Structures are given as structure tokens and as C-alpha cells.
Amino acid sequence: MQDLSGSFVALVTPMFENGDIDYVSLKNLIDWHFRSGTDGIVSVGTTGESATINFNDHHDVLKETLNIINGRMIAVAGTGANSTEEAKDLSLEAERIGYKYSLSVTPYYNKPTQKGLIEHYEYITGKSEISQILYNVPSRTACDMEPSTVGKLSENPKIIGIKEALSDVNRFKELISISKSVSDKHFSILSGDDPSFVDFMSLGAHGVISVAANLIPSKIKEICELLMNNHYKQAKEIDANNRKLYELLFVESNPIPIKWALSELKMIQNGIRLPLTSLSSEYHEEFSSLISKISN
């Protein structure tokens, strides 16, 4: 099994203005990421609007994404849901399509206990063979997977890492310590927070699953390469130039800003599914000025 490290993109799902999937733009984005050095694609994760994509669309996007990647990059299927049965079904479907890895967000809204989280992931791994990456993003799910829970789940041979989006240095250190204590496999610690991923990787995290990489893939890749080769000063200098972008990408709920930015660059159409809507006009001028300076 391949160790997961480096620069992964939490890929948007391109849509036409009526909400239908734009498969031509999907191919163009994936090909661009390959040319830009992106290590892996996360398809139909939360940035890919998994919460509003029905099962058939989810299947079709996963299948087409894997076909387009064609072994050129690591492919990770978004399979999370707040229903354990649905998350299990999505994991099985991704496995049938041919994915080796899935990313499964903690059940949102339900606010399960730590015991419930353990049972949720143990149930999924008991029903499928696909390797699971846990995903903790408390700001969006109202559920925080504690390090002790991650430690317990890391003992499961089918759970091979975590995407951690909480920006807290003590949390970083605890998770890295858990990774080092797992003796029979590589347990990947991946940042899920663009503003803090450099600090996380500087402490020993293995990579990032990035929203910003949708727009600046070669820069995120360069930062990861520098960090993995212990060139911290250079990595932080490049990262500092991206701080305003990180801020603007979250002025409204993800993926509203990143999809608007990509549409401004004519890389996708400005399609997004309700209840999400297009970026508010008050942010257009500042965002347009910034992205006009972006080049890869």
C-alpha cells in the first residue's frame, strides 16, 4: 500500500449553471493538476459538494475521475455521510469502481459521541476493503474526533490516516505522536487547513489536502516539496505570499469562493448546487484583483 504524502487537492466538482456535472471541465482540471505536480486528487469530498450530490452523480463523478486520472496520481474517493449506512454504501461503491483509498468525514449534525465515532468507522471497515482516511473538521460538522479516538481507530488495519482541519498546535503534536506509535503500517497525518498546513507539516505531518490547490496547485506542491526536504524558511516565504488567498477562500462557505474564482479564470462555469449560491458581489472586486495576479 502506497504511503500518502505531499500535495492533494480537495477537487471541486465542475457544474453548469443548472447544476448538471460538467465532465469536460472535470477532465481539464485533472489534466492541469497532473501537469502542475499534484500528488493526489480527492473526488467528491466536501469541497466537491458531496452533501448535495445524489448517489448516481456521486458514482458517475468518482468513476469518471478515476478514468481520467488513469494511474497518473493517487485517487481518493470522498465517501463520508452523516448516515453510517450511506457512508458504508459509498465506500462499497468506490471500492467497486476501483478506488484503493477513501476519505470519510465525521458524521455531521448528528454530533455522535467518541464511542459512536469509533463504531461508525469500525462498521464501515467491517463491510468494505477500501482503505479509509478519517476526516475531522469540527467547524463544519459540530463534531470533534479527539486524538484518543484517532489512536484507537489507528489500530484498525483498514484505517490508514487522518485529514485534520483543526488548527491547533497541541492537536498536531498529538496526532503526529499517534502516527509514530503505529508500528505495523504507515499512518498518514494530512492537514485539512490551508492557513496552518505549513506549521503542521513543519512538526511532522505528511502532507495537505488543500482547497487552495484548486487554484495554485504548483505552489502548494512546491511548498510541500520544500517542507519534506527540510527547507522550512523557503516554504514559509512562499506560503506567506498566499495568506490573502487563504483568507478570501473562506469569506463564505467552501466551495463558494473557490468555484467563483475558477469560473473567473474560465476554468469552470459558475455552477453550484443549492443551498449554496454564488459568491456575494461585495467580495468580487478584491477577489478579482488577487486572482488576476495568480499564475502557475
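User: Before we start, what should I know about the model and its numbering?

Analyst: Residues are numbered from 1 along each chain as its sequence is written, and side-chain values use heavy atoms, with hydrogens and water left out. As the model is predicted, local features need pLDDT of at least 70 and side-chain atom pairs count only at pLDDT 80 or more, while totals for chains, interfaces and linings use all residues.

User: How do I read the largest pocket, and which residues are closest to its centre?

Analyst: The general idea first: rolling a probe the size of a water molecule over the atoms shows where empty space is left. On a 1 Å grid over the protein atoms alone, a pocket is an open set of points with protein on both sides within 12 Å along at least five of seven lines, a cavity is a set where a 1.4 Å probe fits but cannot get out, and lining residues have an atom within 4 Å of a point. Points are joined across faces, edges and corners, and a volume is the space filled by probe spheres set on them. Here, the largest pocket comes to about 620 Å³. It has 28 lining residues, with T46, Y135, V137, R140 and N254 closest to the centre. Two elements, α5 (138-141) and β8 (207-210), each give two or more residues to that lining, and α5 gives the most, with three. (Helices, H or I of at least four residues, and strands, E of at least two, are DSSP runs numbered from the N terminus.)

User: How do α1 and α2 pack, and at what angle?

Analyst: Two packed helices are described by the angle between their axes and the distance between the axes. Helix α1 (residues 23-36) meets α2 at about 40°, with the axes 10 Å apart. Axes are lines fitted to C-alpha atoms, for helices over the stretch in contact, and angles run from 0 to 180 degrees between N-to-C directions. That angle makes α1 oblique to α2; under 35 degrees would be roughly parallel, over 145 roughly antiparallel, 65 to 115 roughly perpendicular, and the rest is oblique. On the α1 side, the contact (heavy atoms within 4.5 Å) is made by Y23, L26, K27, I30 and D31.

User: Which peptide bonds are cis, and which residue has a positive phi although it is not a glycine?

Analyst: Most residues other than glycine have a negative phi, and most peptide bonds are trans. In this model, a cis bond joins N254 and P255, with omega about 10°, and P255 sits in the loop between α11 (243-248) and α12 (256-264). Another cis bond joins L274 and P275, with omega about 15°; P275 is in the loop between α12 and α13 (284-291). As for phi, N70 has about 50°, and N70 lies in the loop between α2 and β3.
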